[in-house]
Amino acid sequence: MDVLVTVPLPEKLLSRIERHHTVTLHNEDSPISRGALETLIQGKAGLLCTITDKVDGELLQRADQLRVVANYGVGYDNIDVEACTAKGILVTNTPGVLTEATADLTMALILAVARRLLEGDQMVRQGRFKAWTPFGFLGREVSGKTLGIIGLGRIGRAVAKRANAFSMKVIYYSRTRLPGDQEHALQVDYTDLEGLLKESDFVSIHVPLTDGTRHMIGREEFSLMKRTAYLINTSRGAVVDEEALAEALKSGRIAGAGLDVYEHEPKVHEALLEMKNTVLLPHIGSATVETRTRMGELAVENLLAGLDNKRPPTCLNWDAVKAKVA
Ligand code: NAP
């Protein structure tokens, strides 16, 4: 079958697909253009794509032969899963394999904003470090502070474990409350969103981007947070109203923000770029050699299984598609 791969996979993985199928590869470390995606999708039975590729109704209209969309990423807000299901197309993602890397990056952002790591780095590089001083570069202690996790799924739980090791108190708000024994094991306490925003010194977001979470954190939510609190976001930019975040930071409504993702990625709100109390990363939550290798392996396994009409290891709509076909 003909397959389109928009991720420059390592040779070993690529040859696993090529053993069974004919591959058209977008062999660049930059997103495929919409025009190329629309042209190349025609006649393809499989698409291995990334979170920058929009698989929407319009694309699906051109995808006359498509049977499987294997996303190289756990978040799948780039894919209209409902529209795929309606056309009998399987959709897969890569959960689990990127949990630890993303949780590590979340902790890195917490520490970076609280201890002003980037400001300090710049000071040293610019030759402005003249002496140790008692009141220079004071940050905020992380130990003993309250971390509020919004969305206690795989990554949220991995962040909770790390925060416990840093002697933080962890509270959470999530769609589904964990059973008591799991809360106890993770040393987390459940609260509603309002309570979490009021109580937390660090608010860290780990929900997927859906219609229900878009702009979940906006003006009203920032008004509930402590003036000394920091917002950390390694989920998806549009969960936060970026305009409201810029205002909250400018006005001192909150103390700072550590961000890996942006509402209009790769564009970043001008005001955020100018502030000292922001740490801004280029969407690198899962960007380690080990994790990206595992994501590639899982995406390829998913693709091959789906094309072979077998249940892919991490399929989002297997039952729905099969029910439709039956
Ligand atoms: P997950 O295991 O599905 O966890 C998501 C959690 O959010 C679940 O506990 C879910 O509740 C909860 N949730 C969903 N909708 C909610 C709502 N409306 N209100 C409150 N809670 C809600 O996903 P994950 O693997 O942890 O990944 C989370 C997200 O991180 C991904 O979707 C992706 O967008 C992002 N991500 C970013 C990077 C990066 O590079 N920065 C890397 C990896 C992932 P239920 O238990 O009820 O489903």
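Start at the interface of domain 1 and domain 2: 2 residue pairs there are in polar contact, both at pLDDT 80 or more. A polar contact is a pair of N or O atoms within 3.5 Å; within protein, one must be able to donate a hydrogen and the other to accept it, and residues adjacent in sequence count only if both atoms are side-chain atoms. The side of domain 1 that touches domain 2 has 3 nonpolar, 3 polar and 1 charged residues. In these classes, Ala, Val, Leu, Ile, Met, Phe, Trp, Tyr, Cys and Pro are nonpolar, Asp, Glu, Lys and Arg charged, and the others, Gly among them, polar.

This is a predicted model: local features need pLDDT of at least 70, side-chain atom pairs count only at pLDDT 80 or more, and totals for chains, interfaces and linings use all residues. Numbering runs from 1 along each chain as its sequence is written, and side-chain values use heavy atoms, without hydrogens and water.

Next, select aspartate 77 and arginine 236. They form a salt bridge (a side-chain nitrogen of Lys or Arg within 4 Å of a carboxyl oxygen of Asp or Glu), with the closest N and O atoms 2.9 Å apart.

Zoom in on threonine 176. An N or O atom of its side chain is 2.4 Å from a ligand oxygen. Finish at histidine 283, where the corresponding side-chain distance to a ligand oxygen is 3.3 Å.
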